[in-house]
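Subject: Structure for you to look at

Hello,

Here is the structure I said I would pass on. Please open it first, then read the notes below it.

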Amino acid sequence: MTDLVQLESQVLAEIAAAGDETALEAVRVAALGKKGSISALLATLEQTILADVAAAGDEAALEAVRVAALGKKGSISALLATLGKMSPDERKTQGAAINLAKDKVTQALTARRDILKSAALDARLASETIDVTLPLREAPAEAGRIHPLSQVFEEVNTIFADMGFAIAEGPDIETDDYNFTKLNFPEGHPAREMHDTFFFNPKEDGSRMLLRTHTSPVQVRTMLSQKPPIRVVCPGRTYRIDSDATHTPQFHQVEGLVIDKGSHLGHLKWILHEFCKAFFEVDHINMRFRPSFFPFTEPSLEVDIQCRRDKGEIRFGEGEDWLEILGCGMVHPNVLRACGIDPDVYQGFAWGMGIDRIAMLKYGIADLRQLFESDVRWLNHYGFKPLDVPTLAGGLST
Ligand code: 2NL
């Protein structure tokens, strides 16, 4: 560039000093002739640029060479700009020469860029290695946690499904008939009171829908729609007007029902014993069956499991203490009849337990209300990994 500026002012000075046409022609040949100073400068410039291109060690250096040559204020661009001051003839020869140089430089730049690019890639491939011993980063889909209640739902379903039970679900909004009447609740039973059950406004015919207070209506629906033998468990949400340290207005139950010609309490005891061992993941556990009362079973029993309490911890299948975990009994003949099953041909047994309660017992959750607070920190502690699906073979809770 500076060469060019110097040369230009020098040539301009010579033009001004030329005394006649011969002298002026001599200046023209000296400057623009085939071997003139501007042509020589172009040749030098081209060589210099090509050398710079060859010397550029990386893509950034190469880009600097390109800008210096072909950029707006680059040396070749400056030469191209001088074309405007030339006569048409000179412009023709000089223009062709300068453009030829420009093409050569452009080609050299492209070729060099390709070389530098593949060299850079080779260098990366040589220096970057993958450490296959690094632990896997947790995928977003695995970062969430399964709520203990959902986990226990799945554990309970897995255990009963393994015994050959079907899983049935039904609506949370039920009829009074399915929730109470068909289950042998007499008129005036306290559970049928407004202050215990969430009732909807009465319909025109006077009937009232309600939020089911237990999952028994699902078994009622099963008996009404299927012929015995029936083996079904019904897990789901249930609702009662009750709210204190040990009760939430919405909670969870799982009930089971077996109807067949020869079903008896011996079968029920075996099923519940197998369930408790599998659920609490112990090889031995003592159980205690005490007489009780439910409108829908006769006889009715409450079931305790053996446990040991020490220092705020509970261990199952050992110790001298007892813990109540469920209620059960033989299905009341009135219930069978109301659900279209002849009690003189069939008999059956049923049981019900609180999922929230058995989840708290198994996983050492102290306060029932924590289950419903949606505290992410709590869930990170008590929750389960999404892909650790409970199986009897693989371990329910590992
Ligand atoms: C409890 C007691 C129980 C049942 C639920 C039942 C269902 C039908 C017929 C007869 Cl359709 N019984 N369910 C039976 C006994 C007890 O639950 O304490 N649950 C938390």
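What radius of gyration does the protein have, and what would a compact globule of 398 residues have? The protein has 46 Å, whereas the globule would have a value near 21 Å. Please keep in mind that this is a predicted model.

Overall form

The box filled by the C-alpha atoms, taken along the principal axes, is roughly 140 × 55 × 40 Å. Within the protein there are 14 helices and 10 strands. Of its 398 residues, 39% count as buried. The accessible surface is about 22600 Å², and carbon and sulfur atoms hold 55% of that area.

The ligand

How many residues surround the ligand? There are 15, and the closest are E255, F296, G327, A350 and G352. Two of these residues can be described at the level of atoms. In E255, an N or O atom of the side chain is 2.8 Å from a nitrogen atom of the ligand. In G352, a backbone N or O atom lies 3.2 Å from a nitrogen atom of the ligand. On its own the ligand has 490 Å² of accessible area, and the protein covers 88% of this.

Which elements supply the shell around the ligand? At least two residues come from each of α10 (216-225), β5 (250-260), β9 (321-331) and β10 (347-354). The most come from β10, which gives four residues. Sorted by class, the shell has eight nonpolar residues, six polar ones and one charged one.

T222 is found in helix α10, one of the elements that supply the shell around the ligand. Is T222 buried or exposed? Its relative accessible area is 6%, and a residue under 20% counts as buried, so T222 is buried. A polar atom of the T222 side chain lies 2.8 Å from the backbone oxygen of V218. Leaving aside residues up to four places away in sequence, T222 touches A168, I230 and V232.

Regards

Terms used: Residues are numbered from 1 along each chain as its sequence is written. This is a predicted model: local features need pLDDT of at least 70, side-chain atom pairs count only at pLDDT 80 or more; totals for chains, interfaces and linings use all residues. Side-chain values use heavy atoms; hydrogens and water are left out. A residue is near a molecule or strand if one of its heavy atoms lies within 4 Å of it. A polar contact is a pair of N or O atoms within 3.5 Å; within protein, one must be able to donate a hydrogen and the other to accept it, and residues adjacent in sequence count only if both atoms are side-chain atoms. Accessible areas come from the Shrake-Rupley method with a 1.4 Å probe; for residues, only the protein chains shown count as cover. Ala, Val, Leu, Ile, Met, Phe, Trp, Tyr, Cys and Pro count as nonpolar, Asp, Glu, Lys and Arg as charged, and the others, Gly among them, as polar. The radius of gyration is taken over C-alpha atoms; the globule rule is 2.2 Å times the number of residues to the power 0.38. Buried means under 20% relative accessible area, exposed over 50%, partly exposed in between (1.4 Å probe, protein chains only). Contact means heavy atoms within 4.5 Å.
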